[in-house]
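Visitor: I'd like to go through this one label by label. Could you tell me what stands behind each term?

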Amino acid sequence: MVDRPSAIASFVSAAAGRSLLAVEQVDQKAEPLLMRLQPVTRAKILMALLALVLVGIALVALVWIGARHLRRIAKTPLRSTRPHDDDWYRKPLIPPDPPSSGGPDAE
């Protein structure tokens, strides 16, 4: 009969050897996806990422400037309101007719 600990040890050592061999083969073949693309496609992707970063920076700057402007508005005190007389209720609804001069009824 096979000794159980020695069987486990041999299995583990064989698996470790195969995995190390596989890792070495993958490392030799592995190239970043960006480098496997054609130069034209790579340039398009990099420009799209650059545009995305620049748009993000512009949005942050816009929010920052807007917040400063809003703070400046909030810090200014409100103008004092002075009471003013609005005599709209005293004015007649129909304005009086001005006297006509030089017409046929003129005396």
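Visitor: Which helix has the lowest confidence, and which the highest?

Guide: Helix α1 (residues 4-29) is lowest with a mean of 63, and helix α3 (residues 39-75) is highest at 95. The score is pLDDT, the predictor's confidence in each residue, from 0 to 100. For the protein chain the mean is 78, with 67% of residues at 70 or more. This is a predicted model, so local features need pLDDT of at least 70 and side-chain atom pairs count only at 80 or more, while totals for chains, interfaces and linings use all residues. Residues are numbered from 1 along each chain as its sequence is written, and side-chain values use heavy atoms, leaving out hydrogens and water.

Visitor: What makes a stretch a helix here?

Guide: A DSSP run of H or I, at least four residues, numbered from the N terminus. The protein chain has three of those and zero strands (a strand being an E run of at least two).

Visitor: Why is Ile57 called exposed?

Guide: Exposed means over 50% relative accessible area, buried under 20%, and partly exposed in between, with a 1.4 Å probe and protein chains only. Ile57, in helix α3, has 53%, so exposed it is. As for buried, 0% of the 107 residues count.

Visitor: What makes Met47, Leu50, Val53, Leu54 and Ile57 a patch?

Guide: Nonpolar patch members have over 30% relative accessible area, no salt bridge (a Lys or Arg side-chain nitrogen within 4 Å of an Asp or Glu carboxyl oxygen), and side chains joined within 5 Å. Together these five have about 490 Å² of accessible area.

Terms used. Patches are made of residues with over 30% relative accessible area and no salt bridge: like charges are joined within 9 Å, nonpolar side chains (Val, Leu, Ile, Met, Phe, Trp, Tyr) within 5 Å. Accessible areas come from the Shrake-Rupley method with a 1.4 Å probe; for residues, only the protein chains shown count as cover.
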